[in-house]
Amino acid sequence: MSKFKLVISDVDGTLVTTAKALRPSAVAAVRKLHEAGIGFTICSSRPPFGLTTMRDALEITLPFGGYNAGAIVEPDLTVIEEVCIPPAAARLAVDTFHANGVDTWVFVGNEWVILNRSGDHVDHEIHTIDVPPTVVSAYTDYHFSAVGKIVGASNNHDLIAKVEHIMRETLGNSAHSARSQPYYCDVIPPGINKGRIVEVLAARLGFDRGEIAVLGDMDNDLEMFGVAGFSIAMGNATDEVKAAASGTTGSNDEDGWAEAIERYVLAD
């Protein structure tokens, strides 16, 4: 019998392929978790409304996290916990991205609001979350009033890595920034990171953190790794993430996710 009672997985770069598809082996592995009585859920940088397709495909019945756990919701999207970026910090983050030549997306309510429809990865994001953006000529006070996440997107991966550090120095404790993909730098509310989903579900379900296994691939998964009982880095993960993990597996474009579940979670 597995020592784990719950598995929490990152989505992009981990549970789905680079093309944003679920591999049949991953779907089958989640089914095995359900059959073994092991809870399963997800925590992603995506907005909660951009995770409903994943929820349905994997028959998720537990709360899941959007905005890197800035919003934790029931499967029907009823909010359990939600924290927004302070308006001044949101505006400063957008100005910092723009000063460094990085396009921005602002997620507010059930919309993602952008300035440049032809910007890097916009079409990619439409495909990923299955929701079109709202295109505006300029952000207004309304757009900064209740921000769940701000994304800086660029095909220049070195620039995104650089801006991640600039953003941390600029925002200080007013917001949290981390790369969710080599081409995305996410800004989320202060005090929020993916470790929060582990803490909330452990308390809500009555599990010890040692009974929770997590999977991820990027810097924004590190806090989740730090509080869970066992952490698994994908083969495509950054070197820093692999170094912090309890175990490693194959890549998201292979059967790495399913292999990790079989090897580390379901094995006696």
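A: In this predicted model, the side chains of threonine 78 and aspartate 76 are joined by a polar contact of 2.8 Å. Threonine 78 sits in the loop between β4 (71-73) and β5 (79-82). Its relative accessible area is 43%, so threonine 78 counts as partly exposed. Leaving out residues up to four places away in sequence, threonine 78 touches Ile72 and Val73. Proline 48 is 30 residues away along the chain, and its C-alpha atom is separated from that of threonine 78 by 10.0 Å.

Now the charged pairs. Side chains of opposite charge can pair when their charged atoms come close. The structure holds 17 salt bridges. In one of them, arginine 209 meets glutamate 199 at 4.0 Å, N to O. Arginine 209 lies in the loop between α6 and β12, while glutamate 199 is in helix α6, so the bridge ties together parts ten residues apart in sequence. Both ends are partly exposed: arginine 209 has 38% relative accessibility, and glutamate 199 has 29%. Shared partners extend the pairing into one salt-bridge network of Glu81, Arg196, Glu199 and Arg209.

Aspartate 221 and lysine 194 form another salt bridge, at 2.7 Å, N to O. This pair links distant parts of the chain, 27 residues apart. Aspartate 221 is in the loop between β12 and α7 (222-227), and lysine 194 is in the loop between β11 and α6 (195-205). Here both partners are buried.

Lysine 149 is another buried charge, yet it has no salt bridge. Where is the nearest side chain of opposite charge? It belongs to aspartate 186, 4.5 Å away. The lysine 149 side chain instead reaches the backbone oxygen of serine 45, at 2.4 Å. Lysine 149 lies in strand β9 (residues 147-153). Its contacts, not counting residues up to four places away in sequence, include Arg46, Tyr67, Trp105 and Val187.

Trp105 is also touched by histidine 121, again setting aside residues up to four places away in sequence. Histidine 121 is found in the loop between β7 and α4. It is buried, with a relative accessible area of 15%.

Next comes helix α4 itself, residues 122-129, whose buried residues are Val122, Glu125, Thr128 and Ile129. Down the axis of α4, these four fall within an arc of 120°, so they line one face of the helix. They pack against β6 (103-108), β7 (111-114) and β11 (184-188). Asp123 and His127 are exposed on the other side of α4. Aspartate 123 has 52% relative accessibility. Its side chain meets that of arginine 117 in a salt bridge of 2.9 Å, N to O. Arginine 117 is partly exposed, with a relative accessible area of 39%. After α4 comes aspartate 130, with a positive phi near 60°.

The largest nonpolar core has 29 residues, and Val7, Phe40, Ile42 and Trp257 touch the most other members. Helix α9 gives the largest share of this core, six residues. A second, separate core has 23 residues, including Ile85, Val94, Tyr139 and Ile150. Ile85 is also among the contacts of lysine 149.

Note on methods:
Residues are numbered from 1 along each chain as its sequence is written. This is a predicted model: local features need pLDDT of at least 70, side-chain atom pairs count only at pLDDT 80 or more; totals for chains, interfaces and linings use all residues. Side-chain values use heavy atoms; hydrogens and water are left out. Buried means under 20% relative accessible area, exposed over 50%, partly exposed in between (1.4 Å probe, protein chains only). Helices (H or I, at least four residues) and strands (E, at least two) are DSSP runs, numbered from the N terminus. The arc is that of the directions from the helix axis to the C-beta atoms. Contact means heavy atoms within 4.5 Å. A nonpolar core is a set of buried Ala, Val, Leu, Ile, Met, Phe, Trp, Tyr and Cys residues joined through side-chain atoms within 4.5 Å. Lys and Arg count as positive and Asp and Glu as negative; His and the chain ends are not counted. A polar contact is a pair of N or O atoms within 3.5 Å; within protein, one must be able to donate a hydrogen and the other to accept it, and residues adjacent in sequence count only if both atoms are side-chain atoms.
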